[in-house]
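Try each task before you read its solution.

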Amino acid sequence: MDNSYWRNKVAVVTGASVGIGASTAVLLANAGMTVVGLARRVQLIEVLNDQVKGEGKILAHECDLNDEQQLTSAFAWLREKFQCIHVLVCNAGILKANFLSESTTKDIKELFDTNVVATACCLREGLKLMAAANVRGHIVVMNSVLGHRIPEVPVPLFSVYPATKHAITALCQTVRQEIHFLKLNIKLTSICPGMVDTDFLSVYSHAVAELPKLQPLDVAKAVLYALDTPDGVQVEDIILQQMRKVN
(Lines give C-alpha, C1' and ligand atoms only; values in the text may rest on other atoms or scores of the structure.)
Protein backbone atom coordinates (compact mmCIF):
# COMPACT_ATOMS: atom_id res chain seq x y z
CA MET A 1 0.00 0.00 0.00
CA ASP A 2 1.55 3.28 -1.16
CA ASN A 3 -0.65 5.54 0.93
CA SER A 4 1.46 6.40 3.98
CA TYR A 5 -1.53 7.97 5.76
CA TRP A 6 -2.60 4.59 7.16
CA ARG A 7 0.81 3.72 8.63
CA ASN A 8 0.62 3.42 12.44
CA LYS A 9 -3.17 3.83 12.31
CA VAL A 10 -5.63 1.32 13.82
CA ALA A 11 -7.65 -1.14 11.76
CA VAL A 12 -10.32 -3.51 13.05
CA VAL A 13 -11.12 -6.68 11.13
CA THR A 14 -14.06 -8.87 12.11
CA GLY A 15 -13.90 -12.58 11.39
CA ALA A 16 -10.11 -12.28 11.22
CA SER A 17 -9.25 -15.84 12.23
CA VAL A 18 -9.35 -17.50 8.78
CA GLY A 19 -9.84 -16.91 5.07
CA ILE A 20 -10.36 -13.41 3.72
CA GLY A 21 -10.29 -11.84 7.20
CA ALA A 22 -6.93 -13.42 8.06
CA SER A 23 -5.38 -12.42 4.72
CA THR A 24 -6.67 -8.87 5.12
CA ALA A 25 -5.32 -8.59 8.67
CA VAL A 26 -1.86 -9.69 7.53
CA LEU A 27 -1.78 -7.31 4.55
CA LEU A 28 -2.85 -4.35 6.67
CA ALA A 29 -0.26 -5.16 9.33
CA ASN A 30 2.43 -5.48 6.67
CA ALA A 31 1.38 -2.02 5.46
CA GLY A 32 2.32 -0.69 8.92
CA MET A 33 -1.07 -0.69 10.63
CA THR A 34 -1.98 -1.91 14.10
CA VAL A 35 -4.68 -4.46 13.37
CA VAL A 36 -7.20 -5.72 15.91
CA GLY A 37 -8.81 -8.98 14.88
CA LEU A 38 -12.22 -9.72 16.37
CA ALA A 39 -13.28 -13.37 16.37
CA ARG A 40 -14.18 -16.25 18.65
CA ARG A 41 -10.98 -18.21 17.89
CA VAL A 42 -8.34 -15.76 19.07
CA GLN A 43 -5.50 -18.27 18.95
CA LEU A 44 -5.83 -18.40 15.15
CA ILE A 45 -5.48 -14.61 14.98
CA GLU A 46 -2.45 -14.51 17.28
CA VAL A 47 -0.41 -16.85 15.06
CA LEU A 48 -0.94 -14.52 12.09
CA ASN A 49 1.82 -12.33 13.57
CA ASP A 50 4.28 -14.90 12.23
CA GLN A 51 3.47 -13.54 8.75
CA VAL A 52 3.92 -9.87 9.73
CA LYS A 53 7.14 -8.12 8.74
CA GLY A 54 8.02 -4.54 9.62
CA GLU A 55 6.21 -1.99 11.79
CA GLY A 56 2.69 -3.39 11.94
CA LYS A 57 1.21 -5.91 14.34
CA ILE A 58 -1.95 -7.93 14.91
CA LEU A 59 -3.80 -8.02 18.22
CA ALA A 60 -6.53 -10.56 18.92
CA HIS A 61 -9.68 -9.77 20.85
CA GLU A 62 -12.22 -12.49 21.55
CA CYS A 63 -15.72 -11.56 20.49
CA ASP A 64 -18.85 -13.40 19.42
CA LEU A 65 -20.49 -10.79 17.20
CA ASN A 66 -23.90 -12.41 17.68
CA ASP A 67 -23.73 -11.52 21.37
CA GLU A 68 -24.55 -7.81 21.56
CA GLN A 69 -22.94 -7.39 24.95
CA GLN A 70 -19.67 -8.87 23.67
CA LEU A 71 -19.86 -6.72 20.54
CA THR A 72 -20.45 -3.43 22.36
CA SER A 73 -17.85 -4.37 25.00
CA ALA A 74 -15.29 -5.00 22.25
CA PHE A 75 -15.83 -1.51 20.79
CA ALA A 76 -15.72 0.02 24.28
CA TRP A 77 -12.37 -1.73 24.78
CA LEU A 78 -11.17 -0.33 21.44
CA ARG A 79 -12.15 3.18 22.53
CA GLU A 80 -10.36 2.79 25.86
CA LYS A 81 -7.20 1.33 24.34
CA PHE A 82 -6.84 3.39 21.15
CA GLN A 83 -9.29 6.34 21.55
CA CYS A 84 -10.33 5.86 17.92
CA ILE A 85 -10.09 3.52 14.95
CA HIS A 86 -9.31 4.50 11.36
CA VAL A 87 -10.27 1.42 9.33
CA LEU A 88 -13.10 -1.03 9.96
CA VAL A 89 -13.37 -4.19 7.86
CA CYS A 90 -16.72 -5.92 8.40
CA ASN A 91 -15.82 -9.37 7.16
CA ALA A 92 -17.57 -11.84 9.48
CA GLY A 93 -20.29 -13.91 7.88
CA ILE A 94 -21.69 -17.43 7.56
CA LEU A 95 -23.07 -19.57 4.77
CA LYS A 96 -25.50 -22.49 5.05
CA ALA A 97 -26.08 -24.42 1.83
CA ASN A 98 -29.66 -25.61 1.58
CA PHE A 99 -32.96 -25.16 -0.22
CA LEU A 100 -35.22 -22.63 1.47
CA SER A 101 -37.91 -25.32 1.55
CA GLU A 102 -35.61 -27.45 3.73
CA SER A 103 -34.08 -24.68 5.86
CA THR A 104 -34.97 -24.48 9.53
CA THR A 105 -36.14 -21.23 11.08
CA LYS A 106 -33.05 -21.42 13.31
CA ASP A 107 -30.74 -21.49 10.28
CA ILE A 108 -32.60 -18.63 8.59
CA LYS A 109 -32.34 -16.49 11.72
CA GLU A 110 -28.64 -17.32 12.19
CA LEU A 111 -27.88 -16.21 8.64
CA PHE A 112 -29.61 -12.86 9.12
CA ASP A 113 -28.25 -12.39 12.65
CA THR A 114 -24.63 -12.89 11.59
CA ASN A 115 -24.61 -11.50 8.07
CA VAL A 116 -26.93 -8.52 8.55
CA VAL A 117 -27.66 -7.68 12.20
CA ALA A 118 -24.09 -8.15 13.48
CA THR A 119 -22.69 -6.25 10.49
CA ALA A 120 -25.13 -3.38 11.08
CA CYS A 121 -24.16 -3.25 14.77
CA CYS A 122 -20.44 -3.20 13.89
CA LEU A 123 -21.10 -0.38 11.43
CA ARG A 124 -23.00 1.53 14.11
CA GLU A 125 -20.26 1.15 16.73
CA GLY A 126 -17.43 1.79 14.28
CA LEU A 127 -19.10 4.92 12.92
CA LYS A 128 -19.62 6.28 16.43
CA LEU A 129 -15.93 5.75 17.25
CA MET A 130 -14.72 7.42 14.05
CA ALA A 131 -17.21 10.30 14.35
CA ALA A 132 -16.36 11.01 17.99
CA ALA A 133 -12.67 11.34 17.11
CA ASN A 134 -13.41 13.24 13.88
CA VAL A 135 -10.85 11.18 11.97
CA ARG A 136 -10.43 10.41 8.31
CA GLY A 137 -11.65 6.84 8.17
CA HIS A 138 -12.53 4.03 5.83
CA ILE A 139 -15.11 1.29 6.29
CA VAL A 140 -14.92 -1.83 4.14
CA VAL A 141 -17.85 -4.24 4.07
CA MET A 142 -17.28 -7.75 2.74
CA ASN A 143 -20.29 -8.31 0.55
CA SER A 144 -20.71 -10.83 -2.29
CA VAL A 145 -21.51 -10.91 -5.98
CA LEU A 146 -24.72 -12.55 -4.71
CA GLY A 147 -25.62 -9.17 -3.24
CA HIS A 148 -26.05 -7.91 -6.82
CA ARG A 149 -27.18 -10.87 -8.90
CA ILE A 150 -28.00 -14.53 -8.46
CA PRO A 151 -26.53 -16.81 -11.13
CA GLU A 152 -28.25 -19.83 -12.62
CA VAL A 153 -26.60 -22.90 -11.10
CA PRO A 154 -27.34 -26.63 -11.44
CA VAL A 155 -28.36 -27.01 -7.78
CA PRO A 156 -29.47 -23.69 -6.18
CA LEU A 157 -28.61 -24.34 -2.54
CA PHE A 158 -28.71 -20.64 -1.70
CA SER A 159 -31.51 -20.48 0.87
CA VAL A 160 -31.55 -16.91 2.26
CA TYR A 161 -27.81 -16.23 1.87
CA PRO A 162 -28.25 -14.00 -1.23
CA ALA A 163 -31.08 -12.19 0.56
CA THR A 164 -28.69 -11.33 3.42
CA LYS A 165 -26.17 -9.99 0.92
CA HIS A 166 -28.78 -7.92 -0.90
CA ALA A 167 -29.56 -6.44 2.52
CA ILE A 168 -25.86 -5.61 2.92
CA THR A 169 -25.85 -3.86 -0.48
CA ALA A 170 -28.76 -1.68 0.67
CA LEU A 171 -27.14 -1.13 4.08
CA CYS A 172 -23.93 0.14 2.47
CA GLN A 173 -25.88 2.62 0.36
CA THR A 174 -27.91 3.96 3.29
CA VAL A 175 -24.88 4.25 5.60
CA ARG A 176 -22.97 6.04 2.86
CA GLN A 177 -25.80 8.58 2.67
CA GLU A 178 -25.79 8.89 6.45
CA ILE A 179 -22.04 9.60 6.45
CA HIS A 180 -22.56 12.32 3.84
CA PHE A 181 -25.45 13.84 5.79
CA LEU A 182 -23.38 13.93 8.99
CA LYS A 183 -20.45 15.52 7.08
CA LEU A 184 -17.97 12.85 8.17
CA ASN A 185 -14.70 12.23 6.33
CA ILE A 186 -15.30 8.49 6.10
CA LYS A 187 -15.36 6.36 2.96
CA LEU A 188 -17.39 3.17 2.66
CA THR A 189 -16.48 0.45 0.18
CA SER A 190 -18.49 -2.70 -0.49
CA ILE A 191 -16.33 -5.55 -1.79
CA CYS A 192 -18.23 -8.22 -3.69
CA PRO A 193 -16.19 -11.30 -4.56
CA GLY A 194 -17.45 -14.27 -6.51
CA MET A 195 -16.45 -17.73 -5.35
CA VAL A 196 -13.43 -17.71 -3.01
CA ASP A 197 -11.35 -20.79 -2.19
CA THR A 198 -11.85 -20.90 1.61
CA ASP A 199 -13.36 -23.23 4.21
CA PHE A 200 -16.50 -21.16 3.70
CA LEU A 201 -17.19 -23.20 0.56
CA SER A 202 -16.88 -26.56 2.28
CA VAL A 203 -20.68 -26.63 2.64
CA TYR A 204 -20.88 -27.08 -1.13
CA SER A 205 -18.27 -29.90 -1.27
CA HIS A 206 -17.59 -31.15 -4.81
CA ALA A 207 -20.51 -29.21 -6.31
CA VAL A 208 -18.08 -26.33 -6.87
CA ALA A 209 -14.82 -28.25 -7.08
CA GLU A 210 -14.19 -27.54 -10.76
CA LEU A 211 -15.37 -23.94 -10.80
CA PRO A 212 -12.83 -21.06 -10.92
CA LYS A 213 -12.25 -19.50 -7.51
CA LEU A 214 -10.48 -16.45 -6.17
CA GLN A 215 -7.90 -16.80 -3.42
CA PRO A 216 -8.37 -14.95 -0.10
CA LEU A 217 -5.30 -12.84 -0.90
CA ASP A 218 -6.97 -11.60 -4.11
CA VAL A 219 -9.85 -10.20 -2.06
CA ALA A 220 -7.54 -8.78 0.61
CA LYS A 221 -5.65 -6.89 -2.11
CA ALA A 222 -8.96 -5.33 -3.16
CA VAL A 223 -9.25 -3.93 0.37
CA LEU A 224 -5.82 -2.33 0.00
CA TYR A 225 -6.76 -0.95 -3.41
CA ALA A 226 -9.77 0.83 -1.89
CA LEU A 227 -7.69 2.20 0.98
CA ASP A 228 -5.01 3.41 -1.41
CA THR A 229 -7.28 5.86 -3.23
CA PRO A 230 -6.55 9.58 -2.82
CA ASP A 231 -8.35 11.56 -0.14
CA GLY A 232 -11.70 12.58 -1.61
CA VAL A 233 -11.91 9.62 -4.02
CA GLN A 234 -14.30 6.87 -2.91
CA VAL A 235 -14.54 3.43 -4.48
CA GLU A 236 -18.10 2.47 -3.63
CA ASP A 237 -18.26 -1.09 -4.99
CA ILE A 238 -15.69 -3.62 -6.14
CA ILE A 239 -16.96 -6.75 -7.88
CA LEU A 240 -14.27 -9.33 -8.59
CA GLN A 241 -14.37 -12.80 -10.07
CA GLN A 242 -11.80 -15.44 -10.93
CA MET A 243 -11.47 -15.85 -14.68
CA ARG A 244 -11.59 -19.27 -16.27
CA LYS A 245 -8.20 -20.52 -17.43
CA VAL A 246 -7.63 -20.19 -21.15
CA ASN A 247 -5.65 -23.09 -22.63
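**Exercise 1. Describe how helix α1 and helix α6 pack: at what angle, with which handedness, and through which residues.**

Solution. Begin by locating the two helices in this predicted model: α1 covers residues 19–30 and α6 covers residues 216–227. Next, take the geometry: the axes lie 8 Å apart and meet at an angle of about 50°. Now classify that angle. Values under 35 degrees would be roughly parallel and 65 to 115 roughly perpendicular, so α1 and α6 are oblique to each other. As for the handedness, α1 and α6 cross in a right-handed way.

Then list who touches whom. From α1 come G19, I20, S23, T24, L27 and L28; α6 answers with P216, L217, V219, A220, K221, V223, L224 and L227. Finally, sort the residues of this contact by class: 10 are nonpolar, 3 polar and 1 charged.

**Exercise 2. Characterise the second largest pocket: what is its volume, and which residues line it?**

Solution. Start with the volume, which is about 170 Å³ for the second largest pocket. Its lining is made up of R176, I179, H180, L184, N185, I186, K187, D231, G232, V233, Q234 and E236.

Two or more residues each come from α5 (161–181) and β6 (186–193), and α5 supplies the largest share, 3 residues.

Methods
Residues numbered from 1 in each chain as written. Predicted model: local features only at pLDDT ≥ 70, side-chain atom pairs only at ≥ 80, totals over all residues. Heavy atoms only, no water. Axes fitted to C-alpha atoms, helices over the stretch in contact; angles between N-to-C directions. Helix = DSSP H or I, 4+ residues; strand = E, 2+ residues; numbered from the N terminus. Parallel < 35°, antiparallel > 145°, perpendicular 65-115°, else oblique. Left-handed = near helix turned anticlockwise from the far one by under 90°. Contact = heavy atoms within 4.5 Å. Nonpolar A, V, L, I, M, F, W, Y, C, P; charged D, E, K, R; others polar. 1 Å grid on protein atoms, 1.4 Å probe; cavity = no way out; pocket = protein on both sides within 12 Å on 5 of 7 lines; lining within 4 Å. Points joined across faces, edges and corners; volume = space filled by probe spheres on them.
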